[in-house]
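Could you look through them with the viewer at hand?

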Amino acid sequence: MSFTKKLLFLSLLLSISTFSCSDNLNGKPVEVSKVNQQIIVEKYIEDTGIPWAMAWLPSGELLITMRAGELRMVKNGILLDQTISGLPEIKVKQQGGLLDIALHPDYEKNGWIYLSYSKEDGEGNFSTAIMRAKLKNMSLVEQEDIYVAQAYGEKGVHFGSRLSFDNQGFLYFSIGDRGQRDINPQDISRDAGKVYRIHDDGRIPEDNPFVSDIDAKSAIFSYGHRNPQGMAKHPITGDIWTHEHGPKGGDEVNIIAKGKNYGWPVISYGVNYSGTSFTDLTEKAGMEQPLWYWDPSIAPSDMVFVTSDKYPQWQGNLLVGSLKFGYLVMLTLDGNKVVKEEIVQENLTRIRSISQGPDGYLYVGADGVGVYRLLP
């Protein structure tokens with residue numbers, strides 16, 4: 001049997017995990033367990049790159065952004081050799097490259113595809129850019145940048161870059177603090193360390209929270225973020241949820257609200273990578289508490305709300321990937337409260353992206369491996 005068709009049967013014994021989390025709404029510890037779901041993990045496509053994000057076309061093809069700067073297509077379960085042309089010039093360095101992808105909610109009418117990527121300024125500095133384009137005959141056309149963060153720097157970290165549309169058709173996107181912890185996240189006159197909200201063509205909504213502040217970046221919707229690399233619209237409430245990388249400890253799940261300050265780096269449940277403290281505060285008036293946090297960190301990547309009836313026990317829950325441990329974590333929700341966390345699959349290498357396909361199955365992109373399909 002070829003490796004690309006090999007099925008990995010992973011039946012996990014029910015046990016308590018080696019790390020702990022807290023429900024920050026009431027301070028009580030919540031057990032983290034490994035759950036036996038008897039999921040079959042099937043290799044869907046094989047690739048040695050980093051599959052940063054996935055999006056499904058209405059016709060069934062799967063688009064995958066590869067961080068090294070390629071946009072690939074999977075058709076009828078086969079990764080096409082031909083890459084999609086017409087991408088902008090992308091600066092690939094460390095965490096930077098071609099990042100997220102999302103289709104316009106009215107894609108079948110207007111054909112717009114949205115991408116985030118790291119953009120160079122011609123002087124060796126680069127930042128996060130959001131663009132849109134249309135796909136025609138394996139090429140992107142009508143390309144245009146609709147937001148370029150004025151957060152240029154030499155560091156190749158904390159680009160953020162997840163994209164999501166809400167029920168009103170506004171586009172939300174995240175930009176990390178770009179490694180400038182002490183100057184960007186808490187300053188609304190500066191890009192980076194923020195979640196943004198714009199119209200689908202880049203215009204600024206008139207009801208954005210800081211449009212009346214002449215010094216503020218008017219696209220900002222919330223601030224005080226470190227590096228949000230997970231973003232999804234709640235299927236019932238329509239709220240935009242994110243998760244973001246903490247330092248050493250303090251990875252967070254948040255519900256994004258207009259004009260709110262999420263505290264980084266004034267408050268945090270983490271410490272410096274060296275183990276030293278950079279703040280003594282885990283809460284402060286005027287700053288939001290995370291809905292959930294991990295300590296130690298799991299390095300969360302993508303996330304998705306499970307709505308498919310293929311996984312009846314998972315419906316309504318939030319599935320999160322871990323780069324650090326290579327497993328899938330399921331957060332069981334009761335409204336806007338996490339009541340349980342379970343590791344539902346292990347040994348999947350560095351999980352980078354998660355998508356629920358039009359066939360109802362969950363697809364998981366892993367660094368250096370390709371894409372898995374989860375079969376219940």
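**Notes on the aromatic rings**

1. Phe210 counts as buried, since its relative accessibility is 13% and the cut-off for buried is under 20%. Keep in mind that this is a predicted model.

2. What sort of pair do Phe210 and Tyr223 make? Their ring centres are 5.9 Å apart and the planes meet at 75°, so this one is edge-to-face. Phe210 sits in the loop between β17 (194–198) and β18, while Tyr223 belongs to strand β18, so the contact ties together parts 13 residues apart in sequence. Tyr223 is buried too, at 17% relative accessible area.

3. Stepping back, the structure has 14 aromatic pairs. Another one to look at is Tyr172 with Phe221, also edge-to-face, with 5.3 Å from centre to centre and 85° between the planes. This pair links distant parts of the chain: Tyr172 is in strand β16 (residues 171–175) and Phe221 in strand β18 (residues 220–223), 49 residues apart.

4. Are the two partners in that pair buried or exposed? Tyr172 is buried, with a relative accessible area of 6%, and Phe221 counts as buried at 6% relative accessibility.

5. There is an aromatic cluster as well, formed by Tyr44, Trp56 and Tyr363.

6. Finally, have a look at the charges over rings. Lys134 lies over the face of Trp112, 4.7 Å from the ring centre. Arg178 lies over the face of Phe159, at 4.2 Å from the ring centre.

Notes: Residues numbered from 1 in each chain as written. Predicted model: local features only at pLDDT ≥ 70, side-chain atom pairs only at ≥ 80, totals over all residues. Heavy atoms only, no water. Phe/Tyr/Trp six-rings, centres within 6.5 Å; stacked < 30°, edge-to-face > 60°. Helix = DSSP H or I, 4+ residues; strand = E, 2+ residues; numbered from the N terminus. Buried < 20%, exposed > 50% of the residue type's maximum accessible area, 1.4 Å probe, protein only. Lys NZ or Arg CZ within 6 Å of the ring centre and 35° of its normal.
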